[in-house]
Amino acid sequence: MIPSPVRTAIFPVAGLGTRFLPATKATPKELLPVIDTPLIQFAIDEAREAGVERMVFVSHPSKTAIERHVRADADLIETLRARGKARIAEALEAAALDEDEHEVEFTMQHEQRGLGHAVLCARDLVLPGPVAVLLPDDLILSKPGCLTQMVEAYGRTGAGHMVAAMDVTPETVSRYGVLDPVGQEGAITRARGMVEKPAAEKAPSLKAVVGRYILDPAIFETLASQGPGAHDEIQLTDAIARDTERLGLAGFAFSGRRYDCGSKAGMLEATLAVASRDPDYAEVLAEWRAEAALPIAAE
């Protein structure tokens with residue numbers, strides 16, 4: 001296998017998950033499951049598939065459960081095997097990061113100071129070269145994975161920063177960072193910058209940025225000198241925009257479907273999508289569809 005030019009993936013996982021309280025009072029939102037797979041696992045598997053060597057998790061001291069999930073638990077695996085649950089033990093072992101194959105680092109973001117600050121917290125832990133940033137809240141179901149697609153396209157763009165992009169509607173564009181495009185080459189949108197959450201009438205395009213990035217390492221210097229932006233936080237979008245003139249910016253139209261699992265509706269949608277792909281749930285979904293089609297009885 002040809003080594004990936006993107007050797008490090010950063011996972012910002014320090015957020016409080018307030019939209020899912022009370023579920024996230026004790027359970028980190030990144031460990032909320034889509035059926036039986038935590039959100040963070042989808043992101044980890046995506047990074048592994050893309051050939052990433054080092055995984056850096058920017059977490060919070062209150063979220064120790066994430067590290068327990070990420071690392072192998074030899075005692076639990078041994079207990080499961082001793083109880084005749086070999087298949088579950090194998091699945092658990094496969095999900096954990098094997099530190100003979102991947103380097104695993106954790107660092108803490110003690111204050112909620114924005115996505116840009118979270119990325120900056122990983123600065124001293126990244127390997128040389130461009131770095132990937134994956135937001136587990138954005139679940140992207142695709143084969144190959146979104147990050148694999150981006151890594152394969154990255155070298156061809158000549159741009160220092162690449163962001164995953166998708167087309168949205170005028171009604172929803174104000175929820176996203178949006179590319180200010182200057183040209184289109186297949187799946188690549190060349191951009192002169194980004195606008196954060198513009199009103200529909202002021203949006204430069206309908207090309208929305210979602211939670212996958214490949215960033216030139218110069219991003220760390222830019223973030224280090226970045227003042228607070230919206231919500232008094234250090235915004236990654238602002239730093240990328242500052243770098244665009246000298247490094248270039250490309251949006252990548254990935255194949256696959258993105259689900260906003262930072263929202264309850266998106267989490268439900270993702271769960272239904274994953275369930276619909278598994279024949280084990282076909283009967284349950286068929287019954288639900290049949291019941292949903294029945295008229296609502298008058299009270």
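Where in the chain is the place of P22? P22 sits in the loop between β1 (8-12) and β2 (33-34). The legends below return to this residue. This is a predicted model, in which local features need pLDDT of at least 70, side-chain atom pairs count only at pLDDT 80 or more, and totals for chains, interfaces and linings use all residues. Residues are numbered from 1 along each chain as its sequence is written, and side-chain values use heavy atoms, with hydrogens and water left out.

View 1. P144 lies in the loop between β7 and α6 (146-157). Helices (H or I, at least four residues) and strands (E, at least two) are DSSP runs, numbered from the N terminus. For background, most peptide bonds are trans.

**View 2. I35 and K197 have positive phi values.** Most residues other than glycine have a negative phi. Phi of I35 is near 60 degrees, and I35 is not a glycine. I35 is placed in the loop between β2 and β3 (37-38). Its relative accessibility is 31%, so I35 counts as partly exposed. Here, buried means under 20% relative accessible area, exposed means over 50%, and partly exposed is in between (1.4 Å probe, protein chains only). K197 has a positive phi of about 50 degrees. The loop between β10 and β11 holds K197. K197 is partly exposed, because its relative accessibility is 48%.

**View 3. E67, R71 and E99 are linked in a network of salt bridges.** A salt bridge is a side-chain nitrogen of Lys or Arg within 4 Å of a carboxyl oxygen of Asp or Glu. By this rule the count comes to 17 salt bridges. In the bridge between R71 and E99, the closest N and O atoms are 2.6 Å apart. This pair links distant parts of the chain, 28 residues apart. R71 is in the loop between α2 (64-70) and α3 (74-82), and E99 is in the loop between α4 (86-95) and β5 (103-108). R71 has 24% relative accessibility, so R71 counts as partly exposed. E99 is partly exposed too, at 44%.

**View 4. Salt bridges join D73 to R68 and E185 to R190.** The side chains of D73 and R68 meet at 3.6 Å, N to O. D73 is partly exposed, at 23% relative accessibility. R68 is exposed, with a relative accessible area of 62%. For E185 and R190 the N to O distance is 3.3 Å. E185 counts as partly exposed, at 47% relative accessibility.

**View 5. D138 is a buried residue in strand β7 (residues 138-141).** Its relative accessible area is 8%, so D138 counts as buried. A polar atom of the D138 side chain lies 2.5 Å from the backbone nitrogen of G211. Leaving aside neighbours within four places in sequence, D138 is in contact (heavy atoms within 4.5 Å) with V210, G211, R212, R258, Y259 and D260.

View 6. V58 is a buried residue in strand β4 (residues 54-59). V58 has a relative accessible area of 0%. V58 and F106 are 48 residues apart in sequence, yet 6.1 Å apart in space, C-alpha to C-alpha. The largest pocket holds about 1500 Å³ of space. Rolling a probe the size of a water molecule over the atoms shows where empty space is left. On a 1 Å grid over the protein atoms alone, a pocket is an open set of points where a 1.4 Å probe fits, with protein on both sides within 12 Å along at least five of seven lines. Lining residues have an atom within 4 Å of a point. Grid points are joined across faces, edges and corners, and the volume is the space filled by probe spheres set on the points. Of the 46 lining residues, R19, K29, L135, D137 and K197 are the closest to the centre of the largest pocket. Elements giving two or more residues to this lining include α5 (115-121), β8 (161-167) and β10 (188-196). By class, the lining has 19 nonpolar, 12 polar and 15 charged residues. Nonpolar covers Ala, Val, Leu, Ile, Met, Phe, Trp, Tyr, Cys and Pro; charged covers Asp, Glu, Lys and Arg; the others, Gly among them, count as polar.

Conventions: A polar contact is a pair of N or O atoms within 3.5 Å; within protein, one must be able to donate a hydrogen and the other to accept it, and residues adjacent in sequence count only if both atoms are side-chain atoms.
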